[in-house]
Amino acid sequence: MTQLSADVVERDIEYDADGRRMVGYLAAPSAGVGRPAVLLAHGGAGERRQPRARARRLAELGYVAFALDYHGGGRQLTHEETRARLPELGADVGRIRSLGQLGLDVLLAEEQVDRDRVAAIGYCFGGTVVLELARSGAPLAAVVGFHAILSTPRPEDAANIRGRVLACIGSEDPYVPPEQRRAFEEEMRAARVDWRLHLYGGAPHAFTDPNAGDHGLEGVAYDRRADERSWRDMLDLFDEALAPQTPGPS
Amino acid sequence: MRHEDIGYEADGLDMIGHLVVDESRTTPGPAVLVSHEGGGLDDHAKGKAERLAALGYVVFALDYHGGGARPPREQAMAHLQAIRQDPDRIRAIGRAGLDLLLAQEATDPARVAAIGFCFGGTLSLELARGGADLKAVVGFHSGLSTPRPADARNIVGSVLVCIGSEDPIVTPEQRAGFEQEMRDAGVDWRLDLYGGAGHSFTNPAADELGLAGFGYDASTDERSWRAMIDLFDERLGRPDA
């Protein structure tokens, strides 16, 4: 455990999942129990600076935050590795859910965590991971997907979602096109989920990642305004869903 | 808190708007123009004005049917029908209300927003398309279509529309058209889509209308209000600042 500041500690946590050695990252308030908690799932390429930075920000606000690892080694994949890994995972929703669940188990094992006040957030394919975790019936009070891939092979499983869902999507995201948004809307409607979709005008894919532009991919870029607004929207949802007086998901 | 009914003329009608302002304010502050639902200026719009004023905003709830009250339903519908396809008339009605808000000493003209409900949202958006200096525009279950989408390039502030996924009036096609309009004009915009919410979700009296697809939704009312305040914090600065 490393003391990051007067109020926040951090440490890497290793665990096994999907036949790999995962290296997750925990950031937590240095004291206090009964705290709300947030599970974070990194983007598809496994870039870790951004989710770690977000976990630290959440810890500063009083949340126990665990950035899980679903690729292994706690590292970013090469372009070729990503191109092989994502379709492989995408084809097996059970595997995705299991990767999410094992990360959640690590977070729930932390003594500081109030198990009735747990949220999961994810970026890009990490958004898929947390949404699938929710579709599996995990006890999450809130789920937020940022530029999250919204499609699923099992839309009927949305009936298992127990918490409140917020999808934060850029209007210009080539990976989350209008047809995908419409299908998500239909899925959430059919399952009577408590859901919202915020559409940020002009925002591309990966709008929360300051390094998104490094890869030179079309339609992939940082957007400070959408980043800050969606972060605020997430905190508003947490205030609502993770407040101490709020009953947990039943 | 000072409440004042203010008479003025617009669209050939005698309008009576409702001003709410905290008299203890000593320096000009942020201000909000509120536009009522299609039925007329009533306790719903006045209640929203009251709530904003309690937070420190200077608020004027304009009137677009005349008389400062809900006219008979047929009369309100006929008036809406008459102005619906005439952006110039709609914008002039909005402008008259905005001018009254700007005339208040307590109003800081550089920190003005417009919000509206149902057709009042349409009116607020048209006022923005007319080029009014509004830092933020928020439409709640507001009709999004316009005969003049190209005018969106005149919008100077940030736009937020809060729409229920089950709203039978603001359909998915209308949302898609709005998205295209905002994109083409390069506006700073957002659309918050609230799952399960119908038309008029901010109005506790909506259920009494007995209209299919209309209904109050308390959590959506609160969430969209929060989204509006977040935008005001960003674009107008806090009232106490």
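Leu199(A) stands opposite Leu191(B) in strand S8 of chain B. The model is predicted: local features need pLDDT of at least 70, side-chain atom pairs count only at pLDDT 80 or more, and totals for chains, interfaces and linings use all residues. Residues are numbered from 1 along each chain as its sequence is written, and chains are lettered from A and ligands numbered from 1 in the order in which they are written.

S8(B) and strand S9 (residues 194–200) of chain A run antiparallel, joined by five bridges. Strands pair if DSSP finds at least two bridges between them. Strands (E, at least two residues) and helices (H or I, at least four) are DSSP runs, numbered from the N terminus.

Across the interface, 16 residues of chain B are in contact with 16 residues of chain A; contact requires C-beta atoms, placed from the backbone, within 7 Å. Helix H5 (172–185), strand S8 (188–194) and helix H6 (218–235) of chain B each supply at least two residues of the side that touches chain A. S8(B) gives the most, with seven residues.

Strand S3 (residues 29–35) of chain B is largely enclosed by the rest of the structure, because seven of its seven residues are buried (20 or more other C-beta atoms within 10 Å of the residue's own, with C-beta atoms placed from the backbone). S3(B) pairs in the parallel sense with strand S5 (residues 107–117) of chain B over six bridges. There, Leu33(B) stands opposite Ala114(B). S3(B) also pairs in the parallel sense with strand S4 (residues 58–61) of chain B, over four bridges. In this pairing, Val34(B) stands opposite Ala61(B).

Note on methods:
Buried ≥ 20, exposed ≤ 12 C-beta atoms within 10 Å, placed from the backbone. Contact = placed C-beta atoms within 7 Å.
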